[in-house]
Amino acid sequence: MPHIQQLDPHVADLIAAGEVVERPASVVKELVENAIDAGATAVTVEIQNGGMTLIRVTDNGCGIADSEAETAFLRHATSKIRSEYDLEAIGTLGFRGEALAAIAAVSRVDLLTRQAQAPLGTSVSLEGGAVVSHEEAGCPAGTTMVVRDLFYNTPARLKFMKRDSAEGAAVFAAVQRAALSHPEVSVKFLRDGRQELLTPGDGVLQSAMYAVLGRDMALGLTAVQGTGEDMGVTGFASLPACCRGTRGYQFFFVNGRYVKSRTMTAALEEAYRNQKMVGKFPGCVLHLTTKLSAVDVNVHPTKQEVKFGSEKKVFDTVYYAVKSALEGDPTRVRAELKPSPRLAPTAREDTVTPNQLAFRTMTAEEYRRSAPAPSAERPRTIPAAPADRPSLPLHDFTTPRRPARGEWVSPPPAEEAAPAWAAPSPVREPAVPTGEGTSPVWESTAPPEKEPSPLREPVPPAAPVTPAESAVSAEQKSAPAASLPPEGPEPEPWRVAGEVLHTYIIVEQGDKVLFIDKHAAHERMNFDALKAGHYRPMVQELLSPVVLTPGAEEASALLAHLPLLAEFGFDAEDFGGGSLLVRSAPGDIDAEEIGPTLAEIAGKLLLTGRADPDSVRDELMHTMACKAAIKGGERSAPEELERVARWVMEDRVRYCPHGRPVAIELTRGQLEKQFGRA
């Protein structure tokens, strides 16, 4: 058995440093928190190469006395607690006394500090935790900490660092959280000599949010204020129509400390139940104030996780405060009445007339007086079909749309007949012979309402035809059908019987019925086309370029993959301040979907990390296929439904890109058993 021995102090310091200092963002977080605890009203953070080569944090706080400058770098040296009783009510951001010691153990540190009443300041240099020099120096009041060559003496940690852009984005995110936690402190952030953030420090949370989150996000928030038992919550939460595709815009603070709390996250999202779109997440900047003794902040080395004395009280306080803010939002009703952007509302079903709105507030007598007089024109009737004309399948009850005046209509595909409104006769012949008393099976003839893009209708490329094959093909065409060799059993006829819940296509085939998830099936069709390289994006130039301000990490991920985004039709560039300028996007994606699509792509890029390029490309294909697919819950043209059903029935689509089945099958026996007919 190996002998037990005490570790060398230097090795012990390196191990302890690993618990506190994970990356440059950890260093910045600890130093900024020390500056705020020192009473600073202005903090400047400067980094180079993502913080790996240089981190400089300057504040105008109280400074450090010359006699205590070296003591500050010893383990468990702190000015914020004195006894065990102080641990029961911690009101400062830092208190463990390990931050400076951990940072100094894995880097080269220079300290320059002066107290306001002292005539001269102090300069201390350390390397690997050991003091190299200690002397007097002239400097302004406050403290400047310079950290160089992070992890220079711990190569095991250094090799796990990400790219400079990713590490810099994490530092930026830490600075943003500090600025939102204390709006009374002016925070400036410089990356590689360029200023990316400056908050006014006027003590107004809205000012800090405007500087940190950007104009679009700040204007999409509503004020939140509420009180509970021994606690209160203030801040802002996003309107239901302004929710984002990730939780990256959720900021929770407890007594001025940024925390990650599952309880507060659950309370926030529960307040949005049935008010936001599926797959969207609310954003917020919420400050919870409670008794210091009611929360334990000493449960994690990074102090980002806390433990509450009563989780239920915290949940109720946040939930009811956010719920009340949403119910009092005057735009909530208008957002609920907004029609889907993909559906063109018809006057019969989707148009809300003034009389319909007035009906909700008028009495019955007032509504009758305001209603328009009935028209004298006789209602239009649909003539009955001739007796010898076969009945149409269920999904053909809707007459194909005639083109509007001046509208360009693409010609129908070669394998499909001309539309009913363009053909000499509207009568169509059945695709297969049917017996008496049976329903005929029909081929779809109506063209799509608009020319389908390559992503909407993936078509495999035709193989080149040799002269010999061409001659054989012509000979086969001239030969009678009976002389053709059999190709196997004829597939059983099927027909599209309709659509339910604007989501599932019903297909009848013999003695079975199939329910097809149109979104999942179409998503797989698009993904297969992307994987096969058949998709060439039809790029649409935007009349007004879209400016997006995602989170710092999301912006960094997108900027690092601009060439890959260009392959999928996104022409984006760095707009400064953590923003992106999008000049063009794929034609399959609506303008209002550009921001959510890029946010989703950024989230997947962050998850893949250093994965191989093929994995990153597949993740982008998943997102593009999903965004361009038919949406569940939205009305689709019969031609689109039949096209999707054809791919499923021809066994070209079985599962969506995420592995879910696209169709389920019910037999006649299963249905009869449910109705007691078996």
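In this predicted model, eight strands line up into an open sheet in the order β5-β4-β3-β6-β2-β1-β7-β8, and their pairing is mixed. What does pairing mean here? Strands of a sheet pair through backbone hydrogen bonds, either parallel or antiparallel. The edge strands are β5 and β8, each with pairing on one side only. If you ignore direction, neighbouring strands in this sheet are turned against each other by 10 degrees on average.

Now zoom in on one pair. Strands β1 and β2 run antiparallel and are joined by six bridges. Look for glutamate 46: it stands opposite arginine 56 in β2.

Next come the helices. Helix α5 packs on the sheet and touches β1, β7 and β8. The direction of α5 makes about 175 degrees with that of β7.

Helix α5 also has a helix partner, α6, and their axes are 9 Å apart. How are α5 and α6 oriented to each other? They pack at an angle of about 165 degrees, and an angle over 145 counts as roughly antiparallel, so α5 and α6 are roughly antiparallel to each other. Their crossing is left-handed.

| Helix | Residue range | Residues in the contact |
|---|---|---|
| α5 | residues 164–181 | Gln176, Ala179 and Leu180 |
| α6 | residues 205–213 | Leu205, Ala208, Met209 and Val212 |

Sorted by type, the residues of this α5 and α6 contact are six nonpolar, one polar and no charged.

Conventions
Residues numbered from 1 in each chain as written. Predicted model: local features only at pLDDT ≥ 70, side-chain atom pairs only at ≥ 80, totals over all residues. Heavy atoms only, no water. Axes fitted to C-alpha atoms, helices over the stretch in contact; angles between N-to-C directions. Helix = DSSP H or I, 4+ residues; strand = E, 2+ residues; numbered from the N terminus. Parallel < 35°, antiparallel > 145°, perpendicular 65-115°, else oblique. Left-handed = near helix turned anticlockwise from the far one by under 90°. Contact = heavy atoms within 4.5 Å. Nonpolar A, V, L, I, M, F, W, Y, C, P; charged D, E, K, R; others polar. Pairing = 2+ DSSP bridges.
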